[in-house]
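Me: I would like to go through some labels used for this model and ask what each of them rests on.

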Amino acid sequence: MVSTSSSAAMSSLQMLCSGLPLRPLPQNRGRWAGVPHAPVRTPGLSPVEEQLALRNALRYFPPDVQELLAQEFAQELRLYGHIYMYRFCPHIEMKAYPIEQYPCRTRAAAAIMHMIMNNLDHAVAQFWLTMHYLSKMTEDQTLVMYSGHPLGLFPSSPGAPRLVITNGMVIPNYSSRTEYEKLFALGVTMYGQMTAGSYCYIGPQGIVHGTVLTVLNAARRYLGIEDLAGKVFVTSGLGGMSGAQAKAAVIVGCIGVIAEVDKEALVKRRQQGWLMEVTDSLDHCIERLRKARKKKEVLSLGYHGNIVDLWERLVHELDTTGELLVDLGSDQTSCHNPFNGGYYPVQLSFVEAQHLMASNPPAFKDLVQESLRRHISAINRLAKEKFFFWDYGNAFLLEAHRAGADVAKKGAQKTEFRYPSYVQHIMGDIFSQGFGPFRWVCTSRDPQDLAVTDQLATSVLEKAIADGVKASVKLQYMDNIRWIREAAKHQLVVGSQARILYSDQKGRVAIAVAINQAIANGNIKAPVVLSRDHHDVSGTDSPFRETSNIYDGSAFCADMAVQNFVGDACRGATWVALHNGGGVGWGEVINGGFGLVLDGSPEAEDKARMMLSWDVSNGVARRCWSGNPKAYEIICQTMEENSGLVVTLPHDVTDECMIQRALQS
């Protein structure tokens, strides 16, 4: 028997999939209050470009409604620097519904809808059209998405992807921030982002897990310890991704102090239970920090204020008392977009900064760069003691360098600074062994299905350990078994029933096969979508983050990510995505992802074996060729186990005198 709420949801979804609501037009309720919005943009369009932006938006609509909509869209462009089409925000509750409620001809299309609705904000016309196309799509069609624009359904085959997404694929010479603002305002491109842009975002669970592993491995490398009790980790940012830092600090058992300028973000994390305490007083913050260190408490403390003030206060305490109050530090401001709300300068309040950002962008930029110089100056002072800082891949050190801060490393390559990125020192060797953020989503929305997958994944990893693995691999498996148990205990599911863990090629394939078999025998009620973070072994070419530990000169090349996108499509992925932008900023990265629907069929198992093997081994082989010894060892072992894999292996070039003689001759 179908419940009343389920019937209402199905009716709303049916309406959502029927195409653009035009007769009558929905009421224009404007920008919704109480919902976080992007900062006001200043794209600097010329009058001709403004006209083009309007034409591009209006082409979704028939002529009889264009006059009315043109006025609204022009106002949005003037007020916000982009046409958001607020009239068409869907009024259905935006969440992932159980897969059987979507009106589709194929399970793959329904799974994609499930992921989109778990992923998107209340969007615009493109969303209505995308859902409509998916509801009509057959197994012999593929939906093509150009930077958020549904180009249409095209004939293909059952073995082809049901969906191909590209975001921000701009000609390289025009892939600058200035050009991006114009192209986005024109409505012809969009920021790629990472998993969000490929419909695979699962909320903050992914970054919680990544931060847990990063802090654990940082403590091992820098402090030589396994137990973080009484150790202090200071960082910034409590937004959509960075908010994970508070929960991660608690899970690893340390004292986490996180600065955030936006009070709403602090309140949200406090209500969510991820922040144990909040203060807007630096005096109280330092007092509480000292007490927690002395008692070795587990604590997540949110400081409502600017991170630069906090770092400078920690320097003051060191210089006046001789006491170093922090052990580990990083930064998770959105520094990949520092001049449009990603980084707030210490000289201004949050409100003042937002006003100046919109009214005088050059002046705002100057203050941001001055703030970055002060930020680095404080960190440099603390780093003279036993304090360790790393860049979290948000372009913090890159932007600080561009601002003239003292972060240069003598004799280093372009991807190296005074402090390492977390890939270079902490997670890089893990990637080289094939470990990365593998994830899945239970489309039934049933927590029991997620519990079954958790048990299956734990059993797979425990069996691998029992069968015998290298010590370094065993350590990663043990960390992830611990993670699965902690994730369930800390209720990290937001939206659809999803889980993430770091696994290597063998582990991913084994987990996928176990889940597919559980679907086939009825232990899991509905299909499961496999995916991963783009921040993975093979998915991303990003010279200041994912590929920052590649030193053969190819860190600025994007062959790996593009080949991964194409290779996944050829090997059975249900959908694939390729993006410019994400994590470290527009023009700084090419990254891709996939979705693979497991439905319990033998075909799904075959696709999982083939596609997941490629999805990992591509990146391990690339790291092997660049000279990484751990990747070399892994790829040789994989070739022994799989006769179909033949990889070009590099020869050692160790005779430096020979090199010098050749260059001098």
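Reply: Buried means a relative accessible area under 20%, exposed means over 50%, and partly exposed lies in between, with a 1.4 Å probe and protein chains only. This is a predicted model, in which local features need pLDDT of at least 70 and side-chain atom pairs count only at pLDDT 80 or more, while totals for chains, interfaces and linings use all residues. Residues are numbered from 1 along each chain as its sequence is written, and side-chain values use heavy atoms, with hydrogens and water left out.

Me: Why is glutamate 486 called buried?

Reply: Glutamate 486 has a relative accessibility of 16%, and because the limit for buried is under 20%, glutamate 486 counts as buried.

Me: What makes lysine 489 exposed?

Reply: Its relative accessible area is 58%, and the term applies over 50%, so lysine 489 is exposed.

Me: How do you know that the side chains of glutamate 486 and lysine 489 meet in a salt bridge?

Reply: A salt bridge is a side-chain nitrogen of Lys or Arg within 4 Å of a carboxyl oxygen of Asp or Glu, and for this pair the N to O distance is 3.5 Å. Both residues belong to helix H18 (residues 471-489), where they are three residues apart and thus separated by about one helical turn; helices are DSSP runs (H or I) of at least four residues, numbered from the N terminus.

Conventions
Helix = DSSP H or I, 4+ residues; strand = E, 2+ residues; numbered from the N terminus.
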